[in-house]
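Open the model in your viewer and keep the sequence panel beside it. Each stop below tells you what to select and what is there.

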Amino acid sequence: MSTTDQTRARTRPRLGAARRELVVLGSVLVVLVGLVLVGLGVGEIPLSPAQVVQALFGHGDTISDFVIGQLRGPRTLAALLVGASLGVAGGIVQSVVRNPIASPDVIGITSGASASGLTAIVLFGVSGIGLFWTVLVGALVVSLVIAALAWRRGITGNRVVLVGIGVAAMSLSVTGWMLTSGSVQQAGTALLWLSGSLNAVDRSVVGVLVVAFVVLMVLALLQSPRLTVLTLGDDVAAALGLRPNRAKLLLLLTAVCLTAAAVATAGPVSFVALMAAPISRRLVGGGRVALGVSAAVGAVIVLASDLIAQFAIPGNALPVGVVTGVVGAPYLLWLLARGR
């Protein structure tokens, strides 16, 4: 076989895998667009898909513009970005740690961010943009604690998971303390936020989330080649000229910021980060790390769950985190049962 033929033989599987990833991404985006149209159209004031599209492009009537611009639009956008952020964060953490249960929910990042946000709500009455930055700082501090306790000449999967579970237990203790320390009104507000709710999303926070997601998603995509190399193992990554520990820290920092941005916007929406990446890997095939597909799958999960939460029980809008928890908890148990 000539050198040209050998090159073509090596390139063909890569092109096929990339083509499949694009097809899967396109298919998931079609589902996502459909869910967005449904989310913007259904409600007490129903709107047809044509009305929704016209309003989105600035050609709608007064009612359509108000319903979408002021009521349903911010909520739908928040659901989309929260799901996408958690999907990418879960994909990064699971790939870096090389453990299918090592999502931000399990290893304590989400719990730490929630505890810091709840402390700010109960003790200082913080909300809006202030809550966003408080949760971000809290998530970064907790992630540094986890990294410091789990570090043994590098970051290894089992240590991160076990240390993270311990830190999550401590964070839950802080959460319980704050709930019992606050007033009844504060406890009610805090419980709604802790359930992961989009029922009263802050438009100013959604605007910050848009900027944060764009910046962090670009950083994640720029680092995705390193993520692919890290899945081969630290020794192989080092042989290929990569500094594994430095690359892991940068990737995990990106994942922590994405998780914190999502938690600050909607509270801890559970199990989305756990489910999105494995689903995307199965869709793409070959164990490929597809952050774009993970983002789209995460957005689909949250948008679909939010629609169920709004309309499953007439007259009673549930927090979206309740629905994702009902689906995600059995999935986690299944992972634990089938694992070694």
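Select Asn316 to begin. Asn316 sits in the loop between H12 and H13. Helices here are DSSP runs of H or I with at least four residues, strands are runs of E with at least two, and both are numbered from the N terminus. The cut-offs are under 20% relative accessible area for buried, over 50% for exposed, and partly exposed in between, with a 1.4 Å probe and protein chains only. Asn316 touches Ala309 and Gln310, leaving out residues up to four places away in sequence. Contact means heavy atoms within 4.5 Å.

A word on the model before moving on. It is predicted, so local features need pLDDT of at least 70 and side-chain atom pairs count only at pLDDT 80 or more, while totals for chains, interfaces and linings use all residues. Residues are numbered from 1 along each chain as its sequence is written, and side-chain values use heavy atoms, with hydrogens and water left out.

Next, select H12, residues 291-311. The expected span is 1.5 Å times one less than the number of residues. H12 is mostly covered, with 16 of its 21 residues buried. Pick out Ser294 in this helix. Ser294 counts as buried because its relative accessibility is 3%. Which residues does Ser294 touch, not counting those up to four places away in sequence? They are Gly87, Ala276, Ala277 and Ser280.

Now select H11, residues 272-284. Its 13 residues should span 18 Å, and its end C-alpha atoms are 18 Å apart, which agrees. Its buried residues include Val272, Leu274, Ser280 and Val284. Just after H11, find Gly285, which has a positive phi of about 85°.

Axes are lines fitted to C-alpha atoms, for helices over the stretch in contact, and angles run from 0 to 180 degrees between N-to-C directions. The crossing is left-handed: the near helix is turned anticlockwise from the far one by less than a right angle. Among the residues that meet are Met275 and Arg282 in H11, and Tyr331 and Trp334 in H13.

Step back to the loop between H10 and H11, where Phe271 lies. Its phi is positive, near 70°, in a residue other than glycine. Phe271 is buried, with a relative accessible area of 17%. Gly267 follows H10 and also has a positive phi, near 80°. H10 itself is largely enclosed by the rest of the structure, because 18 of its 23 residues are buried.

Finish at the largest nonpolar core, which has 100 residues. Such a core is a set of buried Ala, Val, Leu, Ile, Met, Phe, Trp, Tyr and Cys residues joined through side-chain atoms within 4.5 Å. Val88, Ile92 and Val135 touch the most other members. Helix H3, residues 62-97, gives the largest share, 14 residues. Select Val88 last. Leaving aside neighbours within four places in sequence, Val88 is in contact with Met217, Ala220, Leu258, Leu291 and Ala295.
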